[in-house]
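Work through the following exercises with the sequence and the coordinates at hand.

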Amino acid sequence: MKNLHERIDELTEQFIGMFKNVDRLLKINMDMLEKRVFIQSLYGEAKVIEDRINTCEVKIREDSIQAIARFQPAARDLRALLTFIDCVKMLERMGDLLKNNLRLMRKLHKHGNGAKEHLYIIEEMAKKVNDIFETYMQAFIERDEKKIYTLLACDEEIDEMRVEVVNEIINFMKENSENIVGGSIILLLSKKFERLSDKIMQLGKGLIYTMNGENLRKQELEK
């Protein structure tokens with residue numbers, strides 16, 4: 001029968017597998033974004049991956065709750081299990097957002113009146129989101145606090161990029177009424193990438209809590 005630390009190690013491996021699936025969804029998003037084309041085979045892969053993510057979310061959450069009930073852990077072990085419960089929800093939501101992005105790209109491909117060529121407007125922002133998620137994954141595996149604080153420092157940068165993107169998209173839509181549908185879809189894509197960034201920031205704060213007990217999210221609420 002497994003002891004507490006063996007259970008946490010097992011949950012850690014499952015969690016790593018889950019965020020690697022989210023990373024694959026993000027890479028599919030980036031691939032379609034950079035190629036300016038909707039790829040049916042990648043969308044099919046994305047649907048399978050999202051189902052896998054949803055299954056992982058349920059299993060990790062339930063196993064973490066059972067571990068708390070069985071072992072009644074304290075201190076860092078308890079924080080780790082509570083963080084798993086909280087962070088799998090973030091990853092599951094990221095999976096939803098990334099799959100919805102692909103649906104928007106499909107809609108843009110069908111009804112965007114050529115606006116897909118203007119996906120370059122959000123490409124830099126999307127690449128930044130991809131970079132900070134890669135930083136999170138490295139920080140989690142290496143237990144590197146410095147990398148976590150590096151990604152948390154990107155929050156304002158993403159917000160600034162979002163403002164620039166919105167202004168550019170609005171200008172694009174003003175150029176021609178035929179650009180409104182496509183521009184609106186690109187605007188929605190930029191909003192979803194901003195929300196993805198917010199989820200990654202929450203994941204980073206959860207990792208800080210696991211490692212040293214500092215509850216950054218609680219501190220924000222108390223300000």
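Predicted model: local features only at pLDDT ≥ 70, side-chain atom pairs only at ≥ 80, totals over all residues.

**Exercise 1.** Describe the secondary structure and the overall dimensions of the protein chain, and state where confidence is lowest and where it is highest.

*Solution.* Begin with the elements: the protein chain contains 8 helices and 0 strands, so that its pattern along the sequence reads α-α-α-α-α-α-α-α. Next take the dimensions, for which the C-alpha trace spans about 65 × 40 × 25 Å along its principal axes. A compact globule of 223 residues would have a radius of gyration near 17 Å, and the 19 Å of the protein chain agrees with this. Finally, consider confidence: the mean pLDDT is 94, with 97% of residues reaching 70 or more, while the lowest mean, 66, belongs to helix α8 (residues 216–222) and the highest, 98, to helix α2 (residues 40–71).

**Exercise 2.** Determine how α6 and α7 are oriented to each other, and characterise their contact by residue class.

*Solution.* The axes of helix α6 (residues 155–175) and helix α7 (residues 179–212) lie 9 Å apart, at an angle of about 175°. Angles over 145 degrees count as roughly antiparallel, and α6 and α7 are therefore roughly antiparallel to each other. Their contact includes I158, V165 and I169 on the α6 side, and I180, I186 and L187 on the α7 side. By class, this contact of α6 with α7 has 10 nonpolar, 5 polar and 7 charged residues.

**Exercise 3.** Are α4 and α7 roughly parallel or roughly antiparallel, and which residue classes make up their contact?

*Solution.* The axes of α4 and α7 come within 10 Å and cross at roughly 20°. An angle under 35 degrees counts as roughly parallel, and α4 and α7 are therefore roughly parallel to each other, with a left-handed crossing. Residues that meet include I132, F133 and F140 in α4, and F193, I200 and L207 in α7. By class, the contact of α4 with α7 has 17 nonpolar, 3 polar and 1 charged residues.

Notes
Residues numbered from 1 in each chain as written. Heavy atoms only, no water. Axes fitted to C-alpha atoms, helices over the stretch in contact; angles between N-to-C directions. Helix = DSSP H or I, 4+ residues; strand = E, 2+ residues; numbered from the N terminus. Parallel < 35°, antiparallel > 145°, perpendicular 65-115°, else oblique. Contact = heavy atoms within 4.5 Å. Nonpolar A, V, L, I, M, F, W, Y, C, P; charged D, E, K, R; others polar. pLDDT = per-residue confidence, 0-100. Rg over C-alpha atoms; globule rule 2.2 N^0.38 Å. Left-handed = near helix turned anticlockwise from the far one by under 90°.
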